[in-house]
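Visitor: I've got a model open and I'd like to talk it through. Can you start with whatever terms we need?
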Amino acid sequence: MSSSAPLVVRLLASSVSVASRAGKIVRDVMSKGELGIVEKGKDDYQTEADRSAQRCIVASLSAQYPKVNIIGEEDGPESESELPSDWIISEADKEVLSLECPVNLHSVKEEDIVVWVDPLDGTSEYTQGFLEHVTVLIGISVNDKPVAGVIHQPYYKTMLDGEKIMGRTIWGLQEVGVGGFTPAPPPASLIITTTRSHSNPLVEKALQVMNAGQIVRVGGAGFKVLQLLEGKASIYVFASSGCKKWDTCAPEAVLSAAGGKLTDILGNYYKYGGAESRPNKTGVLAAVNDELHSYAVKRIPQELKDALSK
Ligand SMILES: Nc1ncnc2c1ncn2[C@@H]1O[C@H](COP(=O)(O)O)[C@@H](O)[C@H]1OP(=O)(O)O
Ligand SMILES: [Mg+2]
Ligand SMILES: [Mg+2]
Ligand SMILES: [Mg+2]
């Protein structure tokens, strides 16, 4: 692909195109019905869709951006088999390519970028048939900070001229905003979104103290941030260490481009450099705006913050 657009914009445009291809792989594995489930740890699974979608994304991006550090969730022994040629995507989304790059990102070089790939976020939900919770996440960080990201929903349905179209891709770019859908205003009352498959007593304690009118339990970090952007919830709380950098990089980039904020439950930003530890040890706290975010940070009791920081 040749384009005169600055690197971050080109990489985002390529990520939009490849996320959509990876989403098709996720659907194809499910339609075939051979999920090839591997248990990586407690409540921690990987399927053929996770493995194949990651190979598609990493091979496509590293072919075009060889010096970018790409870190995927499903790293393991490289598969011997060759990649199908139609898994290597070199297209780049035209709308994204035409975006104005923020001035501070103009001269970013490949060596300055770390891309965090979650080829399938919401694997538990995928294996249990909650397919609309599944997303493909590609987060682009520069100097530790998520500056751009893609959240693709393989199972989002749209009707166009009587025909069903599967999949939708939402992107965010610092200072530019979000695309692929129109964000909705937050709900009138306090609605919290949280995990449906990785709860524990600390997670529940953090929910109790929020004094929310409703709790929406859905899978995946990507889908929960979409709940915020779609006006279905206003705060996302997960007081546990299960999420990793690939779960939050793209969601944080998209949410912050829309005016929201994602941190740990102490209110501190995570860093996304390649040498950072993978687990988000001190949990996740995200909100549609700064005001609701600080409300939530203040509500979390100190002993809960201490318990996660240990
Ligand atoms: N205990 C855990 N072990 C492994 N992954 C976890 C754990 N908790 C959360 N995650 C990851 O964070 C995402 C959001 O968590 P939750 O849905 O529980 O709120 C999960 O979909 C999963 O990502 P993935 O599905 O990509 O492995
Ligand atoms: Mg996983
Ligand atoms: Mg994930
Ligand atoms: Mg995953």
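This is a predicted model: local features need pLDDT of at least 70, side-chain atom pairs count only at pLDDT 80 or more; totals for chains, interfaces and linings use all residues.

Visitor: OK, where does leucine 160 lie?
Guide: In strand E6.

Visitor: Is leucine 160 buried or exposed?
Guide: Exposed, because it has 7 other C-beta atoms within 10 Å. The cut-offs: buried is 20 or more other C-beta atoms within 10 Å of a residue's own, exposed is 12 or fewer, and partly exposed is in between, with C-beta atoms placed from the backbone.

Visitor: What's up with phi at aspartate 161?
Guide: Phi there is positive, about 50 degrees, although the residue is not a glycine. Aspartate 161 sits in the loop between E6 and E7, and it counts as exposed because it has 5 C-beta neighbours inside 10 Å. Aspartate 43 also has a positive phi, near 50 degrees. That one is in the loop between strand E1 (38-41) and strand E2 (44-46), and with 11 other C-beta atoms within 10 Å it is exposed.

Visitor: Zooming out, how many helices and strands are in the protein chain?
Guide: 9 helices and 13 strands. The radius of gyration (taken over C-alpha atoms) is 18 Å, close to the 19 Å from the globule rule for 310 residues, so the chain is as compact as a globular protein of that length. That rule is 2.2 Å times the number of residues to the power 0.38. Buried residues account for 48% of the 310.

Visitor: Which domains does the assignment give?
Guide: Domain 1 (7-179) and domain 2 (191-309); such bounds come from an automatic or database domain assignment. Their C-alpha centres lie 21 Å apart. The contact between them takes 38 residues from domain 1 and 26 residues from domain 2, where being in contact means C-beta atoms, placed from the backbone, within 7 Å.

Visitor: Which element gives the largest share of domain 1's side?
Guide: E6, with 7 residues on the side that touches domain 2. By class, that side has 19 nonpolar, 12 polar and 7 charged residues. Here Ala, Val, Leu, Ile, Met, Phe, Trp, Tyr, Cys and Pro count as nonpolar, Asp, Glu, Lys and Arg as charged, and the others, Gly among them, as polar.

Visitor: Now the ligand. What surrounds ligand 1?
Guide: A shell of 17 residues, the closest being Asp44, Thr123, Thr195, His198 and Gly242. A residue is near the ligand if its C-beta atom, placed from the backbone, lies within 6 Å of it. The shell has 3 nonpolar, 8 polar and 6 charged residues.

Visitor: Why does ligand 1 lie between the domains?
Guide: Because domain 1 and domain 2 both give residues to the shell around ligand 1.

Visitor: Last one: which residues touch the most other members of the largest nonpolar core?
Guide: Val8, Leu12, Val26, Val225 and Val254, out of 85 residues. The largest share, 14 residues, comes from helix H1 (residues 7-32). Such a core is a set of buried Ala, Val, Leu, Ile, Met, Phe, Trp, Tyr and Cys residues joined through C-beta atoms within 7 Å.

Notes:
Residues are numbered from 1 along each chain as its sequence is written. Chains are lettered from A and ligands numbered from 1 in the order in which they are written. Helices (H or I, at least four residues) and strands (E, at least two) are DSSP runs, numbered from the N terminus. Two residues are in contact if their C-beta atoms, placed from the backbone, lie within 7 Å.
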